[in-house]
Amino acid sequence: MYLGSRPKRRRSSPWRVLVLLILIGVGIYVLIQVRQEDVETPFVPTPTPTRTAASYLFEAEDLYWEGDIKASIATYERAIELQVESVEPTISLARLLALEGRTIEAVERAEQAVERMPDNARAWAVLGMTYDWHGEIQEAIEACQHAIELAPDYADAYAYLAEAYADNGEWAKATEHAEKAVELDDQSVDVHRNYGYVMEVQGNYTWALEAYQEALELHPNLAYLYIAMGKNQGALGQHDDAIESFRKAAEVRPNGAEAYYRLGRAYYDRGEPATAQEYLLTATEVDPYFGPAFGYLAFTYWSRRNYEDAIPNLERAIMLESQAG
């Protein structure tokens, strides 16, 4: 029993209901969007451009002209992984491997190039170069001769053949082919470098220097050319010039041991063992497997009566040289 009248239930306004429904719908939509972002966004990969073989080839060439042969080699290898149809990158890689002293790999790459394209004169010429640098001189001569048969006007083939003849002690043939190479192409670094080498091994150091200078004018960032300059300057008694050349080699290639080794030798021969020791220590730090640096470092210690440090360095030099042989 109620006292008084029963209270009336308030009737909802249609507009109020509509507004509530709209708010609920908006809320549900926002909630769905937030959940989608929380779940889906971490799994959406950020689009990144895929590098092409051509981009690696351009970079490898730039690195070579900058004088960074080691980095150029690594970049050529990456390009070859992406592009196997062209043989030219493999040929370039083989040449650089030889320049870096990695002659076993150089020969393998050059042989691959020849196998894939047996009519390519450049492949045969570089194969000849790699054979020669690996000590297989007769094979080098034959490969270069075949390159010339394929392309009678290919200057680099004559240059590599001249180097092989020089290493074989055939001076007349070496000079003849080196001169022919220059006649065919005086804008090739290898042509001038090999002409210089042919002159150097025959004791014509002045002519060798001129040829190496020509090569450097074409490519001023190659450390091995400055080292060749310094060796010939030293042979002519131009010791200050030799030191400057070795210093330049170290400048263009600070991660190469031979320039520091040559600087150490130059200062040691000039009677400055303390300065020599500094450069030789740097050489051993840059390349712990470069035996000659440890050998000369032992001499500097010995000359300063530091026998305690001389002996282990000499032992390491002997061990490394035996392993290299």
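1. Let us start with a pair of charged side chains. E251 and K248 form a salt bridge, with their closest N and O atoms 3.4 Å apart; the term stands for a side-chain nitrogen of Lys or Arg within 4 Å of a carboxyl oxygen of Asp or Glu. The two are separated by about one helical turn, because they sit three residues apart in helix α13 (residues 239-252). Helices here (H or I, at least four residues) and strands (E, at least two) are DSSP runs, numbered from the N terminus. E251 counts as exposed, because its relative accessibility is 57%, while K248 counts as partly exposed at 28%. For these words, buried means under 20% relative accessible area, exposed means over 50%, and partly exposed lies in between (1.4 Å probe, protein chains only). A network also belongs here: D240, R270 and E272 are joined by salt bridges that share partners.

2. A word on the model before going further. This is a predicted model, in which local features need pLDDT of at least 70 and side-chain atom pairs count only at pLDDT 80 or more, while totals for chains, interfaces and linings use all residues. Residues are numbered from 1 along each chain as its sequence is written, and side-chain values use heavy atoms, with hydrogens and water left out.

3. Now for the whole chain. It has 17 helices and zero strands. Of its 325 residues, 42% are buried. Contact means heavy atoms within 4.5 Å; among the contacts with a separation of 6 or more, 50% are between residues 24 or more positions apart. The chain exposes about 18,800 Å², and carbon and sulfur atoms supply 53% of that area. Accessible areas come from the Shrake-Rupley method with a 1.4 Å probe, and for residues only the protein chains shown count as cover.

4. Back to the salt bridges, for which the count comes to 12. Side chains of opposite charge can pair when their charged atoms come close. One of the pairs is E170 with K173, at 3.4 Å from N to O. E170 is partly exposed, with a relative accessible area of 23%, and K173 is partly exposed too, at 39%.

5. Which parts of the chain does the pair of K231 and E200 link? The side chains of K231 and E200 meet in a salt bridge of 4.0 Å, N to O. This pair links distant parts of the chain, with K231 in helix α12 and E200 in helix α10 (residues 189-201), 31 residues apart. K231 is partly exposed, with a relative accessible area of 35%, whereas E200 is buried, with 16%.

6. Two buried residues are worth a look. Is H219 buried or exposed? H219 counts as buried because its relative accessible area is 0%. H219 is found in the loop between α11 (205-218) and α12 (223-235). Leaving aside neighbours within four places in sequence, H219 is in contact with Y64, W65, G67, V189 and L225.

7. The other is A178, which has its place in helix α9 (residues 171-184). A178 is buried, with a relative accessible area of 2%. Beyond its neighbours within four places in sequence, A178 contacts A162, Y195 and V198. The C-alpha atoms of A178 and L161 are 8.1 Å apart in space, with the two residues 17 apart in sequence.

8. Patches are made of residues with over 30% relative accessible area and no salt bridge, where like charges are joined within 9 Å and nonpolar side chains (Val, Leu, Ile, Met, Phe, Trp, Tyr) within 5 Å. D68 lies in the loop between α2 (53-66) and α3 (69-82), and D68 counts as partly exposed at 31% relative accessibility.

9. A nonpolar surface patch of about 280 Å² is made by F299, L314 and I318. I318 is found in helix α17 (residues 307-324). I318 is exposed, with a relative accessible area of 54%.

10. Lastly, a backbone point. Most residues other than glycine have a negative phi, and most peptide bonds are trans. The phi of R305 is positive, near 60°, and R305 is not a glycine. R305 lies in the loop between α16 (291-303) and α17 and counts as exposed, at 68% relative accessibility.
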